[in-house]
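Biologist: Could you walk me through this one, a question at a time?

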Amino acid sequence: MFLSIKNVNKVFEGRGTSEKVLSSIQLDVKEGEFVSILGPSGCGKSTLLSIVAGLVPPTDGKILLEDKEITGPGKERGMVFQQAALFPWLTVEENVMFPLLLDMPKEEARQKAHHYLSMVQLSNYTKHSPHELSGGMQQRVAIARALAMDPALLLMDEPFGALDEQTRSRLHEILEDVFLETKKTILFVTHSISESLKLSDRIVVMGTQPGSILEILELDFPRPRSQSKEDLVIYEEKIQSLLKNEIDKVRKGENSCSQPLNA
Ligand SMILES: Nc1ncnc2c1ncn2[C@@H]1O[C@H](COP(=O)(O)OP(=O)(O)OP(=O)(O)O)[C@@H](O)[C@H]1O
């Protein structure tokens, strides 16, 4: 298996407190799959992604990427966060080139940067500064920067969470094109049921307190996704019903989270 999450538990110990955030997470991801992790706020989605990124150690269990155990961050895993986190003093192309310069000469890095900036439709903005771009364009730079490192696995933590609906929709199309062109394996964290339905081969639905996998749904629709709403409504209703108790927990404020799940 390309990526195996094996019986992962996570407990955060604080000053005299202990919170079990993830319980017995088991997940296998095939190479070239787009897998979304969907669940209410606070169910541990970001924690799980951070464990796969090697930024946070699991309390128990292990993660194998191409049969090698993950023990820390690595170049074979690229990460895109909700905020693009670009260097404001560098141009768009320099931002994408920056991590590449450790491994290759400047001209090669520039060519690579241009290739991926063109893939996210930013060829005309290579010399711009980040502050001259919209939030959606900045996220596209962050995606190009992650792709330029040619990671085997792309980890995306609510990358479009801070964008308006129209921009999100455009970025869904761009990301789907990138996914089809690069055939990257993508693990994608989201709150949004509709986003997960548009993008995923499989949706991992998580419950909360502690975070656990409720069900994994397989979406066997052709790409690009031009399904009518009706085709997806069945899945949407299934996810809503799976999450009903979890959403109630969130609404009642029984857990630490404040953000409800978006349809
Ligand atoms: N470094 C940490 N130390 C202590 N507790 C943490 C830490 N990181 C996360 N937590 C706790 O773990 C729980 C899960 O957080 P996490 O961010 O993984 O959830 P999430 O599902 O991604 O939420 P959201 O959708 O709101 O981003 C929360 O209760 C959070 O407070």
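Predicted model: local features only at pLDDT ≥ 70, side-chain atom pairs only at ≥ 80, totals over all residues.

Biologist: Is Gln111 buried or exposed?

Modeller: Gln111 sits in helix α3, which covers residues 106-119. To call a residue exposed, we want 12 or fewer other C-beta atoms within 10 Å of its own. Gln111 has 12 such neighbours, so the label is exposed.

Biologist: How do the axes of α3 and helix α4 cross, and what do we call that arrangement?

Modeller: Two packed helices are described by the angle between their axes and the distance between the axes. Here the axes of α3 and α4 (residues 135-148) come within 9 Å and cross at roughly 135 degrees.

Biologist: Which class of residue has seven members in the contact of α3 with α4?

Modeller: On the α3 side, the contact uses Lys112, Ala113, Tyr116, Leu117 and Met119, and α4 brings Ala144, Leu147 and Ala148. Sorted by class, there's one charged residue and no polar ones, and the seven are nonpolar.

Biologist: What is the bridge partner of Gly78 in β7?

Modeller: Let's start with the sheet: it's open, with six strands in the order β6-β7-β8-β3-β9-β10. β6 (77-80) is one of its edge strands, pairing on one side only. β6 and β7 (residues 153-157) pair in the parallel sense over four bridges. In β7, the partner of Gly78 is Leu154.

Biologist: At about what angle does α4 run to β6?

Modeller: α4 lies across both β6 and β7. Its direction relative to β6 is about 175 degrees.

Technical notes
Residues numbered from 1 in each chain as written. Helix = DSSP H or I, 4+ residues; strand = E, 2+ residues; numbered from the N terminus. Buried ≥ 20, exposed ≤ 12 C-beta atoms within 10 Å, placed from the backbone. Axes fitted to C-alpha atoms, helices over the stretch in contact; angles between N-to-C directions. Contact = placed C-beta atoms within 7 Å. Nonpolar A, V, L, I, M, F, W, Y, C, P; charged D, E, K, R; others polar. Pairing = 2+ DSSP bridges.
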